[in-house]
Amino acid sequence: MPQDRYRRFSWLSDWRGIKSAIGELKGWGYPPQPRLNRDRHPAGGESLDEAWFIRTITDKLATHPALSLEFPFAGQRIFEAPLIGFVRGDDLLLEDYKRIIGPHHYTPAEIMAWQAKNNGVTAPPAEELSVVSFIMPIVPATRLDNAACSDWTAERWAQTRLLGEIGSQIIVREIVTDLMSRGVLAVSPDVTPMFNKKRYPVVGWASPWSHRHMAYAAGLGTFGMHDFLITEKGAAHRAASFVVHLPLRPNRERPTDIHAGCLHYQGRKCLACARRCPVGAITEKGHDKEACYQRVAQSLKYVNRNYHIFIYGCGLCATRVPCEAKMPRI
């Protein structure tokens, strides 16, 4: 079992990692979407307000068995307590992402229309939708291990990259399934056949639904030179988001400056993330996504050979930097 030893022949035996990679690139292999309970009125039963989402997500991150590491760190938690925010489905920024990110990026209304069609119901208008976004800060032990690396990612970080993503998708799918059973239309875009990551002409490697950009829209942080989102818990984290047919109130103020938390962009001497990059993909000119992608892709062989899991990763520029675990003081 992976709890007490390494996998053998992980190029073939780590089916979770292989399946996750295929899902990320092609949108294949995810469980069927939950069906909407059309016999239950959405307003009935427990109040599904902002407090319900905060409590539910927080509890799942703290206790869910899918969010723990494996051998040689078996049972250790992957994330600390989350940061959670909400953004209205008709927020103009979300429509503007089609210009900023690209026309391939879905609006909440577009991805929800797909889910509504699957269930034979009328697609709700954007003003009736909300995006629930949350940041999952990586635990100190993992950050410390990765900070000690200078060439390839640490084992804890690699496990976090794989198990953290799979685990976060599991808990979001559970929440979406719960909501659908209550008669509330909901969808997690990154576990649908609509999701795929590929190279686009202008922006390079991108997906049709960006958790980081949804987190910025929800007021959870701003972007750094490394393109990570710098939050009050820093840049060493993973992000998740999903769409619900509920009128949730935004609970955080969104900075107008998308780089408000980055020392370099605010005219302070830093560029620590640039010095951490082993291939020079970060310079004063910004982040070279193609050079970054090539390095991350090369890590698959190293991680598989040394850590016996099928995943790629790096994250060096998010550790041993001033924005690793907090918002730097500008």
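Reply: Two residues are in contact when they have heavy atoms within 4.5 Å of each other. On that basis, residues 24 or more positions apart account for 77% of the contacts in the chain with a separation of 6 or more. The model is predicted.

The chain contains 10 helices and 10 strands, and 55% of its 330 residues count as buried. Its radius of gyration is 19 Å, which agrees with the value near 20 Å for a compact globule because that is what the rule gives for 330 residues. Along the principal axes, the C-alpha atoms fill a box of roughly 55 × 50 × 35 Å. The accessible surface of the chain comes to about 15000 Å², with 56% of it belonging to carbon and sulfur atoms.

Within this chain there are 4 cavities of 30 Å³ or more. The largest cavity has a volume of about 110 Å³. It is lined by 16 residues, of which Cys262, Leu263, Cys270, Cys273 and Cys323 are the closest to its centre. By class, this lining comprises 12 nonpolar and 4 polar residues, with no charged residues.

The second largest cavity has a volume of about 60 Å³. Of its 10 lining residues, those closest to the centre are Tyr6, Arg7, Phe71, Tyr307 and Ile309. The lining of the second largest cavity divides into 5 nonpolar, 2 polar and 3 charged residues.

Conventions. Residues numbered from 1 in each chain as written. Predicted model: local features only at pLDDT ≥ 70, side-chain atom pairs only at ≥ 80, totals over all residues. Heavy atoms only, no water. 1 Å grid on protein atoms, 1.4 Å probe; cavity = no way out; pocket = protein on both sides within 12 Å on 5 of 7 lines; lining within 4 Å. Points joined across faces, edges and corners; volume = space filled by probe spheres on them. Nonpolar A, V, L, I, M, F, W, Y, C, P; charged D, E, K, R; others polar. Helix = DSSP H or I, 4+ residues; strand = E, 2+ residues; numbered from the N terminus. Rg over C-alpha atoms; globule rule 2.2 N^0.38 Å. Buried < 20%, exposed > 50% of the residue type's maximum accessible area, 1.4 Å probe, protein only. Areas by Shrake-Rupley, 256 points an atom, 1.4 Å probe, with all protein chains shown as cover.
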